[in-house]
Amino acid sequence: MSPAGEIGTSSTPPRTNAPAHGVSTIESTPNSRGATVVSENIGVLGANVKRVRPWIQRDIEKVKECKADAMLQALLQRASSTPETEQPELLQKCLKAVLPVCNGQASTALVNSSDIEAVLNEYVRPGIENKFYSPFIRATNIALACLEEIKVDGMRAPVPAVDMICQQNDMPMYQIHQTAKSTRKPDVVILPLSSACAPFQNEKGGNKGKQKEREKDDAMHDEKDDEERKKKRNAHMDTSATAKPRNLSWKDVLACIEFKRKTPGKTKGINPPPSSYAVTDYVPTKPEYLPVDHLKAKEPPGLLQAPAEQPPSDIAFAVPSSGLNTGQPSQGGSSSKRRATDTLESATKRFKRDPDDTDTDLDVTVQTGLYAAEMFASNLAVNYLLNFVIIDDVMWIWYYDRQGIIQCSGINFIQDLPRFMVLLYALQRFDLYDWGRNKDFLTVQVEGKQCHEFTIKDEGLGEVDLLLHTSHDERVTHYGLQGRATNVVPVTSEALAKKYGDFQDGMVAKIFWGEASRTSEPEILKKVEDIAEVHNTVQDHIPKLLWHHTFTNPTSAIREALGIPEPTKGSRVLYILVFPKLHSITMLHGKELFDVWYQCILCHLTLWKEGVYHRDYWKDGKRMGVLNDFDLSSLANAQGPQGNERTGTVPFMARELLTEEGQQGKVKHLYRHDLESFMWVFAWICLRYRQGVLLPRRLRPLDEWATLGAIACGEKKLVFLNNLTPSAPSDIDKTTWGLVVRCRRPILSSLRRTVGLRSRPAAQRR
């Protein structure tokens, strides 16, 4: 079943622009090197929601760095009256403008900035971590009230419809991800004022309907309403901002602030505020940048393993996902000093086993990374997020988007109060779009459920209207930090229904962040449609693209502004594609499962021969196997830069690619590797489903494959192969099991042959 050429040895041809030295030193498919399984695949069925931390940490370990002044300048630029026009003088102008607030010389009818010094002196006293929250919150909110009156030429006015406020939390916050429930507990959050007030008003018997009316009134900020808003804000500052709210919603959170005391239990305090402030050059903090292991010298080794049984709320996201091996680079750039091979293993080995599964033992950067994942998941197509880490008197700004993570150098917000004030000054002038919310998808209520509307002019169809049913049970969401972050949402559209008619199972919209340098999925599908016209094995086995749109908001823009090296490497843009709905192959069993699986193999083989390298499988419609998800596919003649990672879903990757050599990119990607992936998917379905239904956790095997790192999972697979017996489990069809067993022989034979070749000198191999 191998394409033309020597059986089992055909490989993806190199790209036309692949550098010569890369070809001679590393024999792998260009753009399929390194190792990655993580963020994109947290939705793999069987992964435990609470066991994604190593994957989050792996992304955090690859954080890029920028100077604090560069970050402040970028945020000010975003909050300026002309954000598209470069204004390099903004930072210095704002540093001078905020000095009266820093030096206690600014006041409003309700607050005086001289109170900031008093609460900062309270903050610096020795004490435990949670004693920091109240003085920090009070200092921040007083500053915000005073900064509202400061006017700087070129800067926008504050945004009353948002009216950001600093709010204590330190309470559990919950969110449902498909069938799984997550629990997080950020110390302090930044919220719109109306969202901060709502929990306390509801506790006092307030009416939700009336609260919505008040929110609308806040948005209509004439002079009278503005005075009422300020009074409301001041009342909340005095009574509730430092209290613990109940039932805060992640969708309302603008940013999280996580505190750590570097030396808990010690009597030594923090240096108090100086007597006065002036505009000075930035003074680097120690450390200047916050490494992942900054707070913990050493963690006991050991691979994270899923427990034998968990309560239903811990069960994985119900998303069969299988990006088997990419055909183009997953380039999310990395400034980590670790080698490219230091991936999931490096993260998992540093994690403790925690039977209570709380966040308290986690590195603060991992905690805030998990909060960012919650924030990404709570709103549709979020562009980026900000969070803040505070250790003693130093704050680090962390910026997250789907290209990666950026942290700026630390700001000592007590000794360098003007820079902290400038940060607040910029954020206070952010609208929701500046906070990273997507302005193209408008929230609407349909029959009591939240949906999103998207409307755009189209050359061929005129106005295209999409109603995205984002509260639907069948919505597939993503939980993670970087990567494609695919969401699949049921969608209705009058324009598309008029053109195509009604589909029996409806339509779905696929929303994801694709790499800007990669050949787009719509382009690849056009090539695939051409192939289908002459090949029966492809015809009816590919998805039908109904409509698509590419947004013009590359993630590289902020990196260019911050002066980060290679800003366009791994840059991503947002896509939305609409397809007829398909059904998962996991619904099938027995002969039907085999037939559809085999159809997908034949389709994949034909596409490979024709120069389309597909590596993201598994959907089924009308009992016809459909090879779906072409966003990780590539074309043989496509131009594209070399990547440094091999992207794939570890449970389905070929065993040879899960070795140390495979993860380093030293194993040439052959067709048989993709064929082996098909075998692993077949075994996965057979062992974990009965009659199309996922088995309970206590009865299904292979759960840990979805949470182990690449090399560890490869070792588990080898154990699985060596212990596979011809006797079928009592509840599995014997013919189906026979195929699983027969798949074992070629995999082991291939591995033995490969090991034999590697053990021989290079001259003999030639």
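Helices here are DSSP runs of H or I at least four residues long, strands are E runs of at least two, and both are numbered from the N terminus. Keep in mind that this is a predicted model, where local features need pLDDT of at least 70, side-chain atom pairs count only at pLDDT 80 or more, and totals for chains, interfaces and linings use all residues. Residues are numbered from 1 along each chain as its sequence is written, and side-chain values use heavy atoms, with hydrogens and water left out.

Let's start with the whole chain. Its secondary structure comes to 22 helices and 23 strands. Of the 766 residues, 59% are buried, where buried means under 20% relative accessible area, exposed means over 50%, and partly exposed is in between (1.4 Å probe, protein chains only). Now take the contacts (heavy atoms within 4.5 Å). Among those between residues at least 6 apart in sequence, 76% join residues at least 24 apart.

Next, a look at helix pairs. Two packed helices are described by the angle between their axes and the distance between the axes. The axes are lines fitted to C-alpha atoms, for helices over the stretch in contact, and the angles run from 0 to 180 degrees between N-to-C directions. Helix α3 (residues 68–78) and helix α13 (residues 417–427) cross at roughly 25°, and their axes come within 9 Å. That makes the two helices, α3 and α13, roughly parallel, since angles under 35 degrees count as roughly parallel, over 145 as roughly antiparallel, 65 to 115 as roughly perpendicular and the rest as oblique. On the α3 side, the contact uses Asp-69, Leu-72, Leu-75 and Leu-76, while α13 brings Arg-419, Val-422, Leu-423, Tyr-425 and Ala-426. Sorted by type, the residues of this contact are seven nonpolar, no polar and two charged. For that count, Ala, Val, Leu, Ile, Met, Phe, Trp, Tyr, Cys and Pro are nonpolar, Asp, Glu, Lys and Arg are charged, and the others, Gly among them, are polar.

The tally for the contact of α17 with α19 is 14 nonpolar, one polar and one charged.

Now for some single residues. Thr-140 sits in helix α7 (residues 133–147) and is buried, at 3% relative accessible area. Leaving out residues up to four places away in sequence, Thr-140 touches Cys-166, Phe-420 and Leu-424. Thr-140 and Leu-424 are 284 residues apart along the chain, yet their C-alpha atoms are separated by 8.0 Å.

Ala-654, in the loop between β21 (634–635) and α18 (660–663), is buried too, at 0% relative accessibility. With residues up to four places away not counted, Ala-654 touches His-673, Glu-676, Ser-677 and Trp-680.

The peptide bond from Lys-286 to Pro-287 is cis, with omega near 0°.
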